[in-house]
Every structure is written in structure tokens, then in C-alpha cells.
Amino acid sequence: MTVASIPVPELSPATLSPALAIRAVRASYGRIEVLHGVDLTVPAGSVFALLGPNGAGKSTLLKVISGQMRPTAGEVVIGDKPVGKLPTEKLARTGLCSIPEGRGIFPNLTVRENLRIWTYRGGLSVKSVEEQTYATFPRLSERRKQLAGTMSGGEQQMLAISRALVTDPKVLLLDELSMGLAPLIVSELYELVGTLAAQGKTILLVEQFVTTALLVATRAAIMVHGKIQQEGTPSDMATAALSVYLSS
Amino acid sequence: MTSFLQYTIFGIILGAGFAIAATGLVVTYTTSGVFNFAHGAVGMIAAFSYWELVANHHVPVVLALVIILLIGAPIAGALVERVLMRRLHGATAERPIMVTLGLLVILTGVATIVWSPKNQYQLSPIVSGSFRQVSINLQYQQVLTIGIAIALVIGLRFLFSSTRTGVGLRAVVDDPGLLAMSGASPDAMSQYGWILGFVMAALAGVLLALTQEQTGISIVAMTLLVVNGYAAAIVGRLKNIPVTFIAAIVIGLLEDYIIYYALPHLSQGLNSDITLALPMVFLFIALVMLPSVRLRAVGRLSTVRVPRMPSGKESLLGGVAFFVLAVIASVVLSSAVVRGTNLLNLGGEIMALGIVGLSLVLLTGYSGQVSLCQFSFMGIGAFLMGKVAGGGSLLGLVAAALVCAVLGALVALPTLRLRALYFALATFAFADAVDQGFFQDSRVFGGGINVGRIVLPGLSFGGNRSEFLLLSVIFVLVALLVLTIRRSLFGRRLVAMSDSPAAYATVGLNLAVTKVAVFAIAAALAGIAGGLYATVNGTVGSSDFDFFSGIIFVLFVTVWSIRTVSGAFLAAVTFVVLTTFWSTGLGLVAGAGIILIGRAASGILGIDRLSTLLPLPWVKRASGGGDSGTLAGIGITPMGGEARVAG
């Protein structure tokens, strides 16, 4: 299966209630403000692609949403509950799954031990987590006793995304899923994103790899210099992204 | 044959004690990423608390153990994590080392106040009685120690590999942020880790104390007893508990065989020196046997605020200003005596120690190599100054510099391929081995050696004032030398090596040569400082350069700022003044200062707003705006942001 053939649900954002809302969020590193009042609404069940050049503030926004960084102003709402003050671990337990930039794994733990950590989400048994992961990624089963940090980049990313697979999150944040990976692996991972989307999960996807991201997205926005510049359908954003990337 | 069997069994018993200490170190490192230099001190406090409860207040043994292991140690571990350790994740390599050393001196300081070193502290075994097996008498207490060691290895192995909490405890070291994203609290995990580490340390302390039935327990001996476990923990690479256990047993056996078979053939004095230095020798061998560290191109980026370098002109002006102040001080204080201490002599000691501080600025501040053995070089320098050419001769200073430079290179050579922590441990081992095996030997310093003042053709430094001014001039010259080195190509290489050894090597520069060179220069400076220090009061003894004082001095330099000349000078002032007027508070003040290091990575002089608080005439605003000022005159400079690659 190619990325183009990934089944993605057709959604009409206007009719759906938001699963995630970001309202006038500002955030700073020391004295340097990097988010200058970001507003974004991610409808429930949608795949929302957040695009933008390097340094636009996309990853910072994901850090704010996942509770790793406190906003200096504004609020983050998941469902109908403001979550801006919740610590990261509580957010995770309430159904937010964030796969960070790079590899969201513990390199000095084995694959199996990494999967054991996923059970902190609550209500999960080690056995079911292993079964589900190995069924989707048989390669990880072969490597279950291997230190995760010694696997290939693609395998590491499979392990990282397995957390989203087994923890049944309400909202999934994916930061630069394709970074440093071969196109074939990227396709494989995006197939899984499509599958998760087909299950009705709300996904906020941050990518520089515009084409692939827009193929699975139902909605997209472009972020530049810490602000949302444009928002619209994936096809609208494909053209807009080109001009933004070229001008930046 | 019976005696061999006997020594073997005693060796295993000894090794079991080491194993308990070593597994505790491994547990702390596994769950926090920090090598806890205070592990022995925690055990020492536990041992003395046990004595206090059982021997002094007649509390039942079981209740005492519950109070120490299940209440006291967990509370202390949780507190230490919350106050000292929480901010250290991702810090540069030297900060956790300094913070745990700070904890070590706080705990020994507190213990010295509570339990006077003059008294005897005897303990009785938890279980008394013995049995005879294969014509060897074994005490139940010894069997209990072996049993506990084996149970701990099995239990901990199970905890860390087969339970979610154990895996979580390891995961928090890898990536606390990701652990939080997975639904576990990294702070709570980290706290559990420290609680477990403290309980292990306390258990080791109590059990090891009970093996000291004949000699009784003492603060220093108990604190250093755990060092026996360091080598085993290093062989287990600070993560493998079963290997650590086996290594501890092997070390126990080796130590026993050496003591019973080899040492009786040596002279009494040498025999005792080697016995005391054996743990450190094992540690050094274990470190040398470690495989080379792999150079990592990408490490954790941690922001370290690095001082702006004063220009050559600023340094020179600062040096002149400093000397003028020294001249004024020499006039004002010419006959000042406080509590029987001549203040000019005190000033001379400050200048000499300031030079040791400067050697640390060069070595640790600029090139990122943590050395805990500068006082050893200082002591060797003082010894040579007293012995070469009848004492007080310039030849003595030359010998001090040369011998220390060579020794420094010899210490650095086998360990420079290791990462910062192991390098620091090697210097720790060297410092203690030199102290126990050389300085404490009555044939070296004895009751103190006479050195006399420096004699130069046509110049006399017999008076306190001229001696003080001579040392001030030498301090200024060495400070200018250190600043010049920092501004030179070699200085830029040192900083580059500290920032990213991988990048340094990949541009074709030789890491080994640079490390050996800087270590040798710093050792030579410390040797010269020792020689000068010896001339101030005319006599020096082993207590001037003891192991703990050396550590406390490094802590003071770190607290003030290990990256500035001013930090070195202020550390010397603090150290000498406290040693002279309030020696009991020395460790406590250093330790309290270290709590600050958990919060202000660059020391007191690195605090941004300090320059605005100090109404000194040479304070001026930084040219680029912002709120950091310049204390360039004496080398106190504003901190500019700089990203450094840690670990």
C-alpha cells in the first residue's frame, strides 16, 4: 500500500466539535517569545497537519499542548476541559498521546521494557500491549530483547508510534514522524496514521515533509514566525505551503 | 590448606560487605544517572544513628533498623532528591559530581558536630554467636551479611528487569520527559530512586559498621569504607548488578589474599600504607581496565553561562589594581593579629591556595576535566620544597613543578580516554591513595617538616610583609598566565574539547595530547602553590593537605565560580579564613554553598544580577546592553550564554 491509498475519513470540520482547541497561546524560551498568540481548533476525528518552515514554533506548540512547556498566556482545551496547568503525565493519562520529535523511545531499555512503560497509561496489561504491537510490527517481535537505541531509525519510530497504537488516545500529537527516515519506512508509518485516523482518532501532525502529511490530512494550517498564517483544506494548503517555504 | 580456606571464606565475607555498598551505588546511578560520592557518608550517618539508638539509648535492634532503614533513610533520600538533585538532569558532567561531594562534606560535617571524633563508638553484632565448619569459626553475623548481599542481588535484578516500577526507575534517567508523556511522574520516579539508593547506603553502612567490631567506627573510616565498593561498581559499569556482585567478591578475596600472603613480607610501615591504599588501587585498576568511551557527536545540550574573557589590557589593569590593594593590605595589616593568627601570614596562605584555585580554573573551568587531587600535588610540592636543597630554595619550587607535572601526566594518561565521571573518580582514587599511603606515613611529614622562607640572591623574604607581597605578585602572575592561556589558541582548544570532544577529534585535533598537557600544567601549578604555601608558616604537616580538605577546596572554587580567576581567589579567602577561625563549619559552609550549585550552575559570580548588587568601582555595564555587568578589573566578568554539549 502506498501513502496515496491510505483510507482517510472524509470530515466536515464545521459540523464537528473540537477535540483540541488552542486559544491565544503565547510561549517563550527565557525572554524570547516564540509563540505570539496561536489560535487553532482541531475537530474531533480529524487529521490536522500543522506545516511550516524550521523555527516556526510548531514543535514548541506541541510541547505546550503536551504540558512539557507552560504557556505565558492563553489556554489549551482538550474536549471541553482546559488543561493548561495539568502536568504532562496527567495529560497522558487523560488520553493525550504525544510522540516527540526524534525518537520517542527509551534507548537504554529493551523493546519489551519500552512496551512495559507504555502501560503507565493505565488499564493496560503488558501482555496485550506486546500482542498488539508485535501483530502490527512483527519486526519488533524479533527485536524484543534488543536495546531500543541499537535498532534502526525506522524500527525505533515503529516502537515510538506503537504507544499511540496501544494506548487508545483521544488526541494524538505526532512531531516530525518522517524525520531522517527512508521513504519506504515513512510510507509504512503513515499507513498506520491512516489506520488510526480511520478509527476516529484526532491527530495533530507536525511535519516539514508537506506532501506526505497532506495526503493523510483532513485539515491543515501553516505556521510562520510563531503564528498561524493560513488554515484550510489540504489542497489549499499545498499551494500556500509552497509559497511560504519558498519565501522563507 | 585450612588457612587458605579460612582466608577464602573471610575474603568472601569481606566481598559481601563491598557488594552491598557497590550495589547501592549501582542502584543510585541506574535510577538517577548520578554517581553518589556521598553514598559512604549516608552509610556512615546510618551507622552512627544505629550506634546512637542501640548502644546509647538501648532501643531494640529491630526497632532501630526500622527507624533507620524504613523511616530515616527514605525521608533523607526524598529530601535530597527534592532539594539538590531535581534540577541536575541534563547538567554538565561536573555539577552532579560537585553536588554529591557537597553532600558528602555536609554529612561528615554534621557527624563531626554530633559524634565527637575523640570518643569511641563500639557496636555489637545484630546476631551474636558462631558455629564451626571445616575447622573454621564463622559468626552468624558474617553469614547474615553474605545472605543479605545475595538476597539484594537477586531482589534488585528482579526489580529492575521484571517490574514496571523498576523499568520506570531506569527509564527516568534515559528521558524524563518521555516518561511523563507515557503517563508516569518522572519526579516521583526520581524520588523513589533516591529513596532506594539511600536505603541501600544505610543498610551497607550499618552492616559494614558491624564488621568493625574490634576497632569501633569512626567518621572518616566509615565514609571511606564504602570506597571499597567503588571498584566493583565500576567493573559492573555502574549498571550490571550481578557483575558488580561478582567483582565485589573477587576484590574481597584479592584484598584478603594480599593482606595475609603478600604484605607480611614487607616492612611494617609499608605494609600499613598498602593496606590503607588498597581500595583506591583497585579502583584505579578497575578504571584503567574500562573500555574507551565512545565519542558522541550529539549530546544533551545544556546551557552553561560562560564568563566573557577580559582582554589582555583589562587583565593587566586588574592585576596591577590587585597588587596595589595587596600593598595597601600589607601596610594596614602589618602587625595585625587576630586570635593569635598573624593576618599577613593568613594572606600568604590565601595567595598560595589561590594558585591551586587557578589550576582548577584551567583544568575544570576551561577544559571540563574534574580533578579532585589538586591538594595531593600541593602536598607533594610542599614536601619537595622542604626536602630539596635544604628547604626554601627556588630549586625546590622547580622540583615541585617538574615532579608534579610528570605525576599529573601519569595520572591522566591511563584515564584520559574515559568520560568525565570516571576521570574524576580516578583523581579521587589518586588523592586518597596519596593521602593514606604517603602523606599519613610518619616518615613523610612526621610531626611536620621545616621549610623556611624563600631566599633569592640579594632579596630577603624573611619578614611576613615581604613574603606576603612576594606571594601576591606570584598569584597575579599566575592569574595573568591562566587568562593568557585562555585567550590563546591552546585555551580555545581547551574550551572546544570541553564543549564537544567528538567535534574536537573530528577536526583532526589530538584529545589525548591536550588532556595530558592541561593536566600536567595544572598539576605543576598546584605543586608550585604547595611549595609556596610551605614557606608561609615555615612548617607543614600532612593535615594541611588531607583528602577531605582537598575536596572542600574544590567545592569552594565551584561555589564561587570555577570559570573565573576571581572565583579561585575568593574560594581561597573563604577556605583559609574558615579553616583558621571556624574549622568545624568548613564542610557545612561548603556543602551549603553547593546547594546553590544545584540552582546556579555557574556559581555565585555567575548569578546574573550580582553585578548590579555589587557597588564596586570597576563594575561597569556590559557594552551590548542587557543586564549583566562587568567586573573585569579582577577578572569577574559578565556571563554570556553559551550552549555546551554535556555527557
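## Chains A and B in a predicted model

The secondary structure of chain A comes to 9 helices and 10 strands. The model is predicted.

Student: What radius of gyration would a compact globule of 248 residues have, and what does chain A have?
Tutor: The rule for a compact globule with 248 residues puts the radius of gyration near 18 Å. The C-alpha atoms of chain A fill a box of roughly 45 × 40 × 35 Å along the principal axes. The rule and the chain agree, and the radius of gyration of chain A is 17 Å.

Student: Among contacts in chain A between residues at least 6 apart in sequence, what percentage joins residues at least 24 apart?
Tutor: Start from the contacts between residues at least 6 apart. Then keep those that join residues at least 24 apart, which leaves 71%.

Student: Which helix supplies the largest share of the side of chain B that touches chain A?
Tutor: In this interface, 16 residues of chain B are in contact with 23 residues of chain A. Two helices of chain B, H6 (164-174) and H7 (176-181), each supply at least two residues of that side. By class, the side has 7 nonpolar, 5 polar and 4 charged residues. With 6 residues, the largest share comes from H6(B).

Student: How far apart are the centres of the two domains of chain B?
Tutor: The domain assignment gives domain 1 (2-265) and domain 2 (341-585) of chain B. Taken over C-alpha atoms, their centres are separated by 32 Å.

Student: Which element gives the most to the side of domain 1 of chain B that touches domain 2 of chain B?
Tutor: The contact takes 14 residues from domain 1 of chain B and 14 residues from domain 2 of chain B. On the domain 1 side, helix H4 (94-114) and helix H10 (227-235) of chain B give two or more residues. That side divides into 10 nonpolar, 3 polar and 1 charged. With 9 residues, the element that gives the most is H4(B).

Student: What distance separates the end C-alpha atoms of helix H5 of chain B?
Tutor: Helix H5 (residues 140-162) of chain B has 23 residues. At 1.5 Å a residue, H5 should span 33 Å. The model agrees, with the end C-alpha atoms apart by 32 Å.

Student: Which residues in H5(B) are buried?
Tutor: The burial test asks for 20 or more other C-beta atoms within 10 Å. In H5(B), the buried residues are Gln142(B), Thr145(B), Ala149(B), Leu152(B), Leu156(B) and Phe160(B).

Notes:
Residues numbered from 1 in each chain as written. Chains lettered and ligands numbered in written order. Predicted model: local features only at pLDDT ≥ 70, side-chain atom pairs only at ≥ 80, totals over all residues. Domains from an automatic or database assignment. Contact = placed C-beta atoms within 7 Å. Helix = DSSP H or I, 4+ residues; strand = E, 2+ residues; numbered from the N terminus. Nonpolar A, V, L, I, M, F, W, Y, C, P; charged D, E, K, R; others polar. Expected span 1.5 Å × (residues − 1). Buried ≥ 20, exposed ≤ 12 C-beta atoms within 10 Å, placed from the backbone. Rg over C-alpha atoms; globule rule 2.2 N^0.38 Å.
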